[in-house]
Amino acid sequence: TPWPGNNTRDHPGMIQVFLGHSGGHDVEGNELPRLVYVSREKRPGFSHHKKAGAMNALIRVSAVLTNAPFMLNLDCDHHINNSKAVREAICFLMDPQIGKKVCYVQFPQRFDGIDTHDRYANRNTVFFDINMKGLDGIQGPVYVGTGCVFKRQALYGYDPPKGPKRPKMETCDCCPCFGRRKKKNAKNGAGGEGMDNNDKELLMSHMNFEKKFGQSAIFVTSTLMEEGGVPPSSSPAALLKEAIHVISCGYEDKTEWGLELGWIYGSITEDILTGFKMHCRGWRSIYCMPKRAAFKGSAPINLSDRLNQVLRWALSSVEIFFSRHSPMLYGYKEGKLKWLERFAYVNTTIYPFTSLALVAYCCLPAICLLTDKFIMPEISTFASLFFIGLFLSIFSTGILELRWSGVSIEEWWR
């Protein structure tokens, strides 16, 4: 429909299907992919939750119209640089061994328009080529907001499917120290094998759908279709009408959207929170680094923009650290977040506080010169050996990281 007025902050929800409304086909007879423009309803006085709210609206619209099992998230200043990138991500998500427990595949951020010496450290090489690669060996990298392929089911707040349980060791009665005795009265010989496959259906049958997903029967039905697709009996006109409904301002009221479902509200950087809650549920993520950069974006071109960007990230990290989602306290109940992964999330939220220590380090030499007092212990004491060992371990760790990742000294200094 035509745009009803020019007020971008006060308008109804609109959906325009550019391609695929009537099942368009190419010259070889293959169905063309759909191209749909979505503008969610905006009204004064409503909190629309910015990017996170927009992403949640897109989850619901796409679930009603196409319901693909995977979703690619890109920022508006990013573009596809590698035509095979999505295929590589799908290979991880459909892997028969680990794919069922993968919630998203994260690609590193690469940028165009950076000067030769990268004077503003836009590449973030240490983070994307060292830290994120290291997290891939634990429970997976953190979600950085763009260049990420998601499994739709993970965004709905579901737990990952349970793997087959290890068989319990059984022994005879002669050695009571090892194993346990086999139970004689098993119920019809049936274990919990069938229960794992139907856990979701059993859980959802007792769940209040409206409280969790909102008042849309078509959308709720789509959340139970793990393989994606829409019901064949539904008409395009009915789906479009329902899609308009799920992007209305009041749809998320009294639901779990932004709290347990989709992109999480309450932070400037909703990406860290969203990935953190997925990992707390037991999902793992994958870091994919193809030789040709998958996606490229625009980087800040002056110091002012770069400092504003870093300040926004730092403020958000501090905000998360003091919120109920603090990695220090959140997610201990079920114990599905690995200890080293939690440590990495703590580091992600606590790093702005290191600026206080850096200021102190810069001031201490001047204080020593002015007061004529040396703050370090004498070389003959045990404390000096402790300090020397500590600093040597820090230096050696940094050197090894640089060697393993191929980061140059100049990039590390930036």
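How many of the 414 residues of the protein chain count as buried? The figure is 36%, where buried means under 20% relative accessible area with a 1.4 Å probe and protein chains only.

Before you click around: this is a predicted model, in which local features need pLDDT of at least 70 and side-chain atom pairs count only at pLDDT 80 or more, while totals for chains, interfaces and linings use all residues. Residues are numbered from 1 along each chain as its sequence is written, and side-chain values use heavy atoms, with hydrogens and water left out.

**Whole chain.** Switch to cartoon view and you have 15 helices and nine strands; these are DSSP runs numbered from the N terminus, H or I of at least four residues for helices and E of at least two for strands. Take the contacts (heavy atoms within 4.5 Å) with a separation of 6 or more: 76% of them join residues 24 or more positions apart.

**The main core.** Now select Tyr 104, Phe 150, Tyr 156, Phe 219, Trp 263 and Met 278, which touch the most other members of the 49-residue largest nonpolar core. A core here is a set of buried Ala, Val, Leu, Ile, Met, Phe, Trp, Tyr and Cys residues joined through side-chain atoms within 4.5 Å. Helix α1 supplies its largest share, eight residues. Elsewhere sits another core of eleven residues, including Ala 85 and Ile 286.

**Tyr 156 and Ser 222.** Zoom in on Tyr 156: beyond four places in sequence, its partners include Ile 59, Lys 212, Phe 219, Ser 222 and Trp 257. Hop to Ser 222, in helix α8 (residues 217–223). Ser 222 is buried, at 3% relative accessible area, and leaving aside neighbours within four places, Ser 222 contacts Ala 63, Asn 67 and Tyr 156.

**α1 against α9.** Next, pick residues 50–65 (α1) and 236–246 (α9), which pack at about 165 degrees with axes 9 Å apart. Axes are lines fitted to C-alpha atoms over the stretch in contact, and angles run from 0 to 180 degrees between N-to-C directions. The two helices are therefore roughly antiparallel, the label for angles over 145 degrees. Show side chains for Arg 60, Val 61, Val 64 and Leu 65, which meet Leu 239, Leu 240, Glu 242, Ala 243 and Val 246.

**α11 against α12.** Last stop: residues 303–321 (α11) and 339–350 (α12), at about 125 degrees with axes 7 Å apart. Look for Ser 317, Val 318, Ile 320 and Phe 321 meeting Thr 348, Thr 349 and Ile 350.

Conventions:
Angles under 35 degrees count as roughly parallel, over 145 as roughly antiparallel, 65 to 115 as roughly perpendicular and the rest as oblique. Buried means under 20% relative accessible area, exposed over 50%, partly exposed in between (1.4 Å probe, protein chains only).
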